[in-house]
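Thanks, everyone. I'll walk through a few local features of this one. Have a look at the slide first.

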Amino acid sequence: MLHRRISSSLSSPNQLMNQVIEGYLKSKGKMIRPILVILTAKLFGRVDDRVIASAAAVEMLHNASLIHDDVVDDSQMRRSMPTVNNIWGNHIAVLTGDFFVSSALQQAISTADIRIVEVLAGLGKLLSLGEIDQIYNARFHTLNEKAYFEIISRKTASLFVSCVKMGGYATGAPDDKIDPMCRFAELLGLCFQIKDDIFDYFNDPRIGKPTGNDLREGKITLPLLYALSLTDNPAHDEMVSLSRSEQLTTAEIETLIEFAKESGGIEYAYSTMERLRAEAMEILDSYPRSEVTDAFASIFNYVISRDK
């Protein structure tokens, strides 16, 4: 039902656009975000047409952001398939992303709930601000954990929170019931991004990006941030200076990656995710246990244990 809704919404009289979208939709991804919308609706009520429209809207906006990100990053592959910009060029890729955004808004409007439209519109702003924050911090070398969490809260966790809000609003659930699950979703989104960032420290072709790609773009993530915070490390000053370089060589990237690993940065990132998961499970425990709460727990476990 969800896939049909997305395909139908993205259908157009333009054959070129249809061809681009058909190729893109062959790789659907994990669909975690629309699943969160549907699970939230099940937690508070039932799944109806408004819920499916909300799930379709958030998935299309998410994909729009990915298409635009691939243009900005000049990415050639995503989900083991060529990106839209790789196949069709940046011009068509940007227009395709815009088409996804407009289609997402149409689906949100079809729910006739201004709160759902507001959440989707606000989400677009947060995703953009999160990316700009990341560029700013990379450019001006802001190296602290607080700034890191602010960025990933906007650029990743905000999407997960929006899913829960939209699923709750679509069923008419009151805010006091939805708010705890919004925090659960935020914790889930933070862990999702931390795990994504850990992938950058290892060479695995399944991930679809080269090792050290974040550092190449000036992004310093949690494992290295932790390592750089250890001021008693003999290599501390040298590594901080290196991390502030305008353009890192491949050898320098490898040096920073090894420094992060040897300093316990990967273990610290995993322990951080475990701490966030413990808080999330406490939130779930405040709701009656059901297949739905078990599904939420399973998604959280999957996000931390996934290998790509």
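Start with Asp-48, in the loop between α3 (32–44) and α4 (49–73). Helices here are DSSP runs of H or I, at least four residues, numbered from the N terminus. A quick word on the source: this is a predicted model, where local features need pLDDT of at least 70, side-chain atom pairs count only at pLDDT 80 or more, and totals for chains, interfaces and linings use all residues. Residues are numbered from 1 along each chain as its sequence is written, and side-chain values use heavy atoms, with hydrogens and water left out.

Back to Asp-48. Asp-48 is partly exposed, at a relative accessible area of 22%. On that scale, buried is under 20%, exposed is over 50%, and partly exposed is in between, with a 1.4 Å probe and protein chains only. The Asp-48 side chain reaches the backbone nitrogen of Arg-50 at 3.1 Å. Met-31 is 17 residues from Asp-48 in sequence, and 18 Å away in space, C-alpha to C-alpha.

Next, α2 and α6. How do residues 15–24 and residues 90–110 cross? Their axes come within 11 Å, at roughly 80 degrees. Axes are lines fitted to C-alpha atoms, for helices over the stretch in contact, and angles run from 0 to 180 degrees between N-to-C directions. So α2 and α6 are roughly perpendicular, a label for 65 to 115 degrees. From α2, Leu-16, Met-17, Val-20, Ile-21 and Tyr-24 meet Ile-92, Leu-95, Thr-96, Phe-99 and Phe-100 of α6. Contact means heavy atoms within 4.5 Å.

Now α14, residues 265–285. This helix has 21 residues and reaches 30 Å from first C-alpha to last, close to the expected 30 Å at 1.5 Å a residue. The expected span is 1.5 Å times one less than the number of residues. Its buried residues include Ile-266, Met-273, Leu-276 and Ile-283. The face turned away carries exposed Glu-267, Glu-282 and Asp-285. Among the elements covering the buried residues are α8 (145–170), α9 (175–199) and α15 (291–305).

Last, α12, residues 236–243. His-236, Met-239, Val-240, Leu-242 and Ser-243 are buried. They span an arc of only 165 degrees, which puts them on the same side of α12. Asp-237 and Glu-238 are exposed on the other side. The cover over the buried residues includes α11 and α13.

Note on methods
Helices (H or I, at least four residues) and strands (E, at least two) are DSSP runs, numbered from the N terminus. A polar contact is a pair of N or O atoms within 3.5 Å; within protein, one must be able to donate a hydrogen and the other to accept it, and residues adjacent in sequence count only if both atoms are side-chain atoms. Angles under 35 degrees count as roughly parallel, over 145 as roughly antiparallel, 65 to 115 as roughly perpendicular and the rest as oblique. The arc is that of the directions from the helix axis to the C-beta atoms.
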